[in-house]
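Work through the exercises below with the structure open. Each task is followed by a solution in steps.

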Amino acid sequence: MKIGMIGLGAMGHSVALNMMKAGYELTLYDVRPEAYADLVAQGAHGVDSLQEMGRAADTVFMMVNTYPQCQSVVSGLLETMTGGVIINLSTIAMTDAQALGKMAAEHGVDMLDCPVSGGTRGAAAGKLTLMVSGKTEVFEAVRPVMESFSTNPVLVGTEVGQGQAVKTINQLLVGVHMCATAEAFTLAKKCGLDLKCVYDVICASAGMSRIFENRGQFVIDRDFSTRSTLQIQLKDTNIVCQTADAVGAPTLLANTARELFKLAVKKYPPTDDSLEVLRIYEELGNVEE
């Protein structure tokens, strides 16, 4: 197995590093060579083009931001790739993943749809959750590599796109819970409550969510350090609504969350943390920081 990794951003870099720590030899490509210069210094091999990657690797992981970027990567790889598998770690819409899978299949290349959950911290710790879909035998062949940067690679379906569908459901809940957390803390402030007391009680009650538990302390501390950006959160909720429209599912809460993130992106830098949606609520409620 000759492994390649494309997309060495904040998460992709950690994924590649964890594969290397597990003993895998990697070939790397990113439009910014400086993004993986340190990994090359540690023994990885860098290439200058997607076509070169297609010739060098038969098992290629890619982690980029948008569907057009995924299209560009897959198109470039398929110019030179003969057989093998492309594993898409990016988050895109289900229908877009299906289109990529068809494109690869027409060139005799397998594809695994493999969106991740866990954020930059999970990537750094090698504890991502992987929502994989595609051929079972292909998944089993690459599973050991996946386990080098994740704790839970799960085959959620045998058709490309089903992995993205599961990730979409996850992101629906993340977006809604993020807004619900902001709404809850704003209400608590307007009621004159001690936020730490509210946090402790809710974390031991039925209303607790992982987002509330994780982000609640940041609300109390007024810590808006970037962990998951507004632009990514808006992208993900857009995908939720796009997928729902495609299959005819109602998304009343997700659409509300999307509008709130749209407001936040207009008001604050898109690279700020998604928790900035709290400030939208505080402004609407005339809450002073």
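The expected span of a helix is 1.5 Å times one less than its number of residues. The model used here is predicted.

**Exercise 1. Helix α1**

Task: Compare the reach of helix α1 with its expected span, then list its buried residues.

Solution. 
- Step 1. Helix α1 covers residues 10-21, which gives 12 residues.
- Step 2. At 1.5 Å a residue, the expected value is 16 Å.
- Step 3. From first C-alpha to last, α1 reaches 17 Å, close to that expectation.
- Step 4. Apply the cut-off: buried means under 20% relative accessible area. In α1, the residues G12, H13, S14, V15, A16, N18, M19 and M20 are buried.
- Step 5. G23 follows α1 and has a positive phi, near 100 degrees.

**Exercise 2. The aromatic pairs**

Task: How many aromatic pairs does the model hold, and how is the pair of F185 and F212 arranged?

Solution. 
- Step 1. Rings pair if their centres lie within 6.5 Å, and planes under 30 degrees apart count as stacked.
- Step 2. The count by this rule is 3 aromatic pairs.
- Step 3. F185 and F212 are 5.1 Å apart, centre to centre, with 10 degrees between the planes. This pair is stacked.
- Step 4. F185 belongs to helix α8 (residues 162-190) and F212 to helix α10 (residues 210-221). The pair links distant parts of the chain, 27 residues apart.
- Step 5. F185 has a relative accessible area of 1%, so it is buried. F212 is at 5% and also counts as buried.

Task: Which arrangement do Y199 and F212 show, and what does their pair tie together?

Solution. 
- Step 1. Y199 lies in helix α9 (residues 195-203), while F212 lies in helix α10, so the pair ties together parts 13 residues apart in sequence.
- Step 2. Y199 has 11% relative accessibility, so it counts as buried.

**Exercise 3. Charges over rings**

Task: Where do the charged ends of R227 and R279 sit?

Solution. 
- Step 1. For R227, the charged end sits over the ring of F218, 3.5 Å from the ring centre.
- Step 2. For R279, the ring is that of F224, and the distance to its centre is 3.8 Å.

**Exercise 4. A surface patch**

Task: Which residues make the nonpolar surface patch of about 170 Å²?

Solution. 
- Step 1. The patch is made by V154, V156 and V166.
- Step 2. V166 is found in helix α8.
- Step 3. V166 has 33% relative accessibility, so it counts as partly exposed.

Technical notes:
Residues are numbered from 1 along each chain as its sequence is written. This is a predicted model: local features need pLDDT of at least 70, side-chain atom pairs count only at pLDDT 80 or more; totals for chains, interfaces and linings use all residues. Side-chain values use heavy atoms; hydrogens and water are left out. Rings of Phe, Tyr and Trp (its six-membered ring) pair if their centres lie within 6.5 Å; planes under 30 degrees apart count as stacked, over 60 as edge-to-face and the rest as tilted. Helices (H or I, at least four residues) and strands (E, at least two) are DSSP runs, numbered from the N terminus. Buried means under 20% relative accessible area, exposed over 50%, partly exposed in between (1.4 Å probe, protein chains only). A charge sits over a ring if NZ of Lys or CZ of Arg is within 6 Å of the ring centre and within 35 degrees of the ring normal. Patches are made of residues with over 30% relative accessible area and no salt bridge: like charges are joined within 9 Å, nonpolar side chains (Val, Leu, Ile, Met, Phe, Trp, Tyr) within 5 Å. Accessible areas come from the Shrake-Rupley method with a 1.4 Å probe; for residues, only the protein chains shown count as cover. A salt bridge is a side-chain nitrogen of Lys or Arg within 4 Å of a carboxyl oxygen of Asp or Glu.
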